Amino acid sequence: MEKVKVTENMVAVLTVLAGREDGKGFARQVLADERLKGKTFNGVNATLAAAAGKGLVEKAKGVFEDKMLTIYTITDAGREAIAPAEDAEAVEGAE
């Protein structure tokens with residue numbers, strides 16, 4: 001499998017998405033996480049859309065607050081892309 005370039009911002013957004021139930025969420029739900037404080041909706045939405053283009057998340061339509069919006073689901077490739085970051089956090093937490 002070809003290595004995909006993943007930015008620090010993408011790792012942060014995908015980590016939040018992976019932590020949600022079933023690894024699914026709308027951009028607004030992902031943005032609401034405290035770890036993304038200071039990020040904008042447009043930034044998070046664009047990051048998720050870029051991740052979809054790289055195969056790190058899947059897109060589908062779903063209803064959120066009576067609106068039809070895009071819901072994102074992290075893929076196995078997305079989990080692999082953030083795995084080194086998760087391993088580093090686990091090591092830091094053990095100290």
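Let me begin with Asp 66, which lies in the loop between β2 and β3, where helices (H or I, at least four residues) and strands (E, at least two) are DSSP runs, numbered from the N terminus. This is a predicted model, in which local features need pLDDT of at least 70 and side-chain atom pairs count only at pLDDT 80 or more, while totals for chains, interfaces and linings use all residues. Residues are numbered from 1 along each chain as its sequence is written, and side-chain values use heavy atoms, with hydrogens and water left out.

Most residues other than glycine have a negative phi. Asp 66, although not a glycine, has a positive phi of about 65°, and Glu 65, also not a glycine, has a positive phi of about 50°. Glu 65 lies in the loop between β2 (57-64) and β3 (67-74). Asp 66 is exposed, with a relative accessible area of 78%, and Glu 65 is exposed at 64%, exposed being over 50%, buried under 20% and partly exposed in between, with a 1.4 Å probe and protein chains only.

Glu 65 also belongs to the lining of the second largest pocket, together with residues including Phe 26, Phe 41 and Tyr 72. On a 1 Å grid over the protein atoms alone, a pocket is an open set of points where a 1.4 Å probe fits, with protein on both sides within 12 Å along at least five of seven lines, and lining residues have an atom within 4 Å of a point. The largest share of this lining, 4 residues, comes from β3.
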